[in-house]
Amino acid sequence: MDTGPKADTGKRKRRPPSGSSVSPGRLPIALLTAASLIWIGQAALLAAAIGDIAAGAGAGAVIWPAVGVFLLGVLRAAMDRAGSRLAFRAARHELSRLREKAVSALATRSPLDTSRPSSGFVASAMAEQAEAVTPYVSRFQPLRWRAVIVPLAIFACVFPLSWVAALIMLIALPLIPVFMALIGWRAKEASERQLAKMGDMNAFLLDRLRGLATIRSFDAVDRTALRLRDEADLLRRRTMAVLRIAFLSSAVLELFSALGVAMVAVYVGFHFLGQLEFGAWGGRLSLAQGVFILMLAPAFFEPMRELSAVWHDRAAGVAALEALEKVTTAGEPIVAAREAPMAKPGGRRASGVLIDDLHFRHAGSGHAAKDRKVFDGLSLHIEPGERVAVMAASGGGKSTLLALIAGLAMPEAGTIRIGGETLQPETAARLRAGMAWLGQTPHVFPGTLAGNVTLGRAMTAGAVEAALDAARLDEVARQRRRMVLGESGVGLSGGEVLRLAVARAAAAEGAGLVLADEPTAHLDRASADEITDMLLEVANGRTLIVATHDPVLAARMDRVVMLDDRNAGGWPA
């Protein structure tokens, strides 16, 4: 069952991202940082006004400072709002880019790639975990820069007035990032466990939903429900562990910042009382200077406090980025992006297949795979326009041979030529565009019947009708013209789904090679004969290779290739 990420196949691994390369851009960071620095000017105006009032100045002395504080406040609010909006938009754009990159990478993965992530893990990573990237980029990244620039600017303003106050700030500040790092390691580890468990639970639930009929048949509904409850309870405990660490870190860091502000306030207070007469370059701090230092002390620690409040966003964001990176880089691509052109209508030409000294074994199968390969020196020549049936016992390599011909897997050694051109990773996408494929379980996408025939290809209505007519789905199309099909063929019978696969092959007008994997499996004799007739009609003028157990279907082919234990991986009988 598909319950988690697939086993690693020993391929080259890429280093997961640290998250430092993901940024909202310079402009949002600059606006948010500048908005915080405006408080220095506001504090200076307020301190000067208080000093003037204490010196006996009238109420008129505070009018212009008040106007200045108000205007700077409006400017600060506008810059903070603009920076936050730009950062959020940049974060959503970055998230969309990462999702698009992951989807593009998944589209290039072979269904036979054992290192590909499970569908449950992919759904969890791209739908739920990926949302953690937005607060990480829009909040944590700008605050990280503010936590560096703002304290330095305030230190530069306080140090010329009082070296003791500046020294207190300088000593208290490093304690915050030290504890943030210590707590952050634990928080990141807890977030990774929580996100991994979330992916496992999604994969478990998706797998059980797919096998619901089997679970009911074996009377395992209660056992499955208990297992799901245990998984949900474990996810709850891990989520609460992450929240405990987040709240604990915020409390500890608030404590250190409060102590730093308190120590500055104690020094300034005792300095005014004459108990501590040292620490000021001018001999003694004025009231305006002392008030200015007291106003800047909380702002000195504020960026670190805000950074600690979103430290959990960093842990969740980095874990989400690593999950997306795992989806993007797992396995090796089987096609190059934007390389596969669509087969041109009317350009059909039967393609011959030449296989020479083919060697292949499935990766990740353990040491036993080294002793027995799927193919060990297979050679086969199929003429253009020939119809060939490939037969073998279950597990004998029939479906694997079709996958190798289609370029869905690459051989360890040997050569495969399609229409005289060698099949390689660089040419697989282009050659595959000239093939039509009929799998054992054709996938039906939500949408109309015509849309499931075209699959995004530009086709005329006449070409679609001809394909449906060739698959004897024309009557179904007329009756259900406006009907929207559900996921996995809801709305069609099993036989109609197979006919839809035949219609897709008929619609691929430029395909010179048709590959069919067990097209008559699980069908009664009458339905199997009907599918066989349609398949032979669609393959007229093309090369047809069918992997089958059906002796009746094989008897209607031009030639039968047997892959038995004696010559599996050798010359065909």
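These are my notebook entries on what I looked up in this predicted model.

**Ground rules.** I numbered residues from 1 along each chain as its sequence is written, and I left hydrogens and water out, using heavy atoms for side-chain values. Since the model is predicted, local features need pLDDT of at least 70 and side-chain atom pairs count only at pLDDT 80 or more, while totals for chains, interfaces and linings use all residues.

**Entry: helices 1 and 2.** I looked up how helix 1 (residues 26-54) and helix 2 (residues 63-107) are placed. Helices here are DSSP runs of H or I with at least four residues, strands are runs of E with at least two, and both are numbered from the N terminus. The two axes come within 8 Å and cross at roughly 165°. Helix 1 is therefore roughly antiparallel to helix 2. For the angle, axes are lines fitted to C-alpha atoms, for helices over the stretch in contact, and angles run from 0 to 180 degrees between N-to-C directions. Angles under 35 degrees count as roughly parallel, over 145 as roughly antiparallel, 65 to 115 as roughly perpendicular and the rest as oblique. I noted the crossing of helix 1 and helix 2 as left-handed, meaning that the near helix is turned anticlockwise from the far one by less than a right angle (clockwise would be right-handed).

Entry: I found 15 salt bridges in the whole structure; each is a side-chain nitrogen of Lys or Arg within 4 Å of a carboxyl oxygen of Asp or Glu. One of them joins Asp529 to Arg525, with the closest N and O atoms 3.1 Å apart. These two residues are four apart in helix 18 (residues 525-538), so about one helical turn separates them. Arg525 also bridges to Asp550, at 2.9 Å between the closest N and O atoms. Asp550 sits in the loop between strand 8 (543-547) and helix 19 (551-555), so this pair ties together parts that are 25 residues apart in sequence. I then checked cover (buried is under 20% relative accessible area, exposed over 50%, partly exposed in between, with a 1.4 Å probe and protein chains only). Asp550 is buried at 11%, whereas Arg525 is partly exposed at 36%.

Which residue does Arg556 form a salt bridge with? The partner is Asp533, with the closest N and O atoms 2.6 Å apart. Arg556 lies in the loop between helix 19 and strand 9 (559-563) and Asp533 in helix 18, so the pair ties together parts that are 23 residues apart in sequence. Elsewhere, I listed Arg92, Arg99 and Glu131 as one network, joined by salt bridges that share partners.

**Entry: positive phi.** Most residues other than glycine have a negative phi. I noted Asp219 as having a positive phi, near 55°. Asp219 is in the loop between helix 7 (212-217) and helix 8, and is exposed at 69% relative accessibility. His522 also has a positive phi, near 65°. His522 is in the loop between strand 7 (513-517) and helix 18, and is exposed at 83%.

**Entry: Phe278.** I placed Phe278 in the loop between helix 8 (221-272) and helix 9 (287-309). Phe278 is partly exposed, with a relative accessible area of 47%.
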